[in-house]
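Welcome to this short tour.

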Amino acid sequence: MKLWQERTLLTWLLSPLSLLFWIISSLRRWLYRAQILKSYRSPVPVLVVGNISVGGNGKTPVVVWLVEQLQARGIKVGVISRGYGGQTKAFPQLVTKESSAQMVGDEPVLIVQRTGVPLAISPNRRESIELLLSQFELDLIITDDGLQHYALERDIEWAVVDSNRLFGNGFLLPAGGLRELPSRLKSVQAVIFNGKVANPDAISMQLQGDRLINVKTGECKKIADFDRLPWVAMAGIGDPNRFLKSLKTHLSVGEGNHFYPFADHQAYTLERLQPLTPNHEALLMTEKDAVKCRAFAQDNWWYMPVDAVFEVNQAELLLGLVLDLVKHK
């Protein structure tokens, strides 16, 4: 939200509520650390990929990258997620490639379709872990989000930060978009910046994509093939403009090209999207949008899959922490 990027009169009016939020969240964390509130220790190691702010920061591509890297090394990994944005009330449940994103959430379906990893959803992370371990032999559990879910003990914490928005106006909810103060990052094992950063020693991730896949047929084309063709783009992610910037690195933008931003985890219908392309222009979207549109996809709808890319030495540093953990479990 633009409000959370600036300090306005409304920011200061809401600041007492942010102070109250900090007091309550800090007390809650202390109660867990003091073991007054009980937390759950998983039988297998747990790695949290989360953030300290509201909205998309690039967690899901990091989870996909990590799962693929571990699978390639023979590590048996499972993923748990809250299933945010899904309508189901049946928890816990396994997510498959055929699961409805409308029911279980867009990010869990995306992760499973990309990696085939065993994945369970529930607001109660313990339930998800127990479900996975009842059906799969696993070496590691990755939790997609959940940095503030202190009812679950964890062995490694990674925090993903959007390098464009960083920490917004610096205020906690509701005056700002922070769940915890930036000082929380001092206690995690890795801070991953999504995008370029000034500090050369920081771990920086780039999201890269150079192809478009037809949502309906699965046909794959280079993005450059759409240059100078009539197209319309849309994105329902934490920072929709990031998708438009990615497209602009491959495509020329003219009068016939339009962009429609939607809210993160936006639900779609054919009636809502079809009017965006009145002349049957190509409709370009993110992979996260596409998993919610497959049931009613049209032949002119295309999505751009992106991959998290790290410098070799930084990738080795991140994986080293995880492999050491699994080795000594």
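This is a predicted model: local features need pLDDT of at least 70, side-chain atom pairs count only at pLDDT 80 or more; totals for chains, interfaces and linings use all residues.

Next, select Cys 293. Here the picture is another one: Cys 293 has a relative accessible area of 0%, so Cys 293 is buried.

Now show both cysteines together. A disulfide is a covalent bond between the sulfur atoms of two cysteines. How many disulfides does the structure hold? The count is zero. To see why, draw a distance from the sulfur of Cys 220 to its closest cysteine sulfur, the one in Cys 293: the gap is 18 Å, too far for a bond. Starting from Cys 293 leads back to Cys 220, again at 18 Å. A disulfide would need the two sulfur atoms within 2.5 Å.

For the last stop, colour helix H2, residues 59-72, and helix H9, residues 312-327. Their axes come within 11 Å and cross at roughly 65 degrees, which means that H2 is roughly perpendicular to H9. The crossing of the two, H2 and H9, is right-handed.

Zoom in and show the side chains where they meet:

- From H2, select Trp 65, Leu 66, Gln 69 and Leu 70.
- From H9, select Ala 315, Leu 318, Leu 319, Val 322 and Leu 323.

How values were computed: Residues are numbered from 1 along each chain as its sequence is written. Side-chain values use heavy atoms; hydrogens and water are left out. Buried means under 20% relative accessible area, exposed over 50%, partly exposed in between (1.4 Å probe, protein chains only). Axes are lines fitted to C-alpha atoms, for helices over the stretch in contact, and angles run from 0 to 180 degrees between N-to-C directions. Helices (H or I, at least four residues) and strands (E, at least two) are DSSP runs, numbered from the N terminus. Angles under 35 degrees count as roughly parallel, over 145 as roughly antiparallel, 65 to 115 as roughly perpendicular and the rest as oblique. A crossing is left-handed if the near helix is turned anticlockwise from the far one by less than a right angle, and right-handed if clockwise. Contact means heavy atoms within 4.5 Å.
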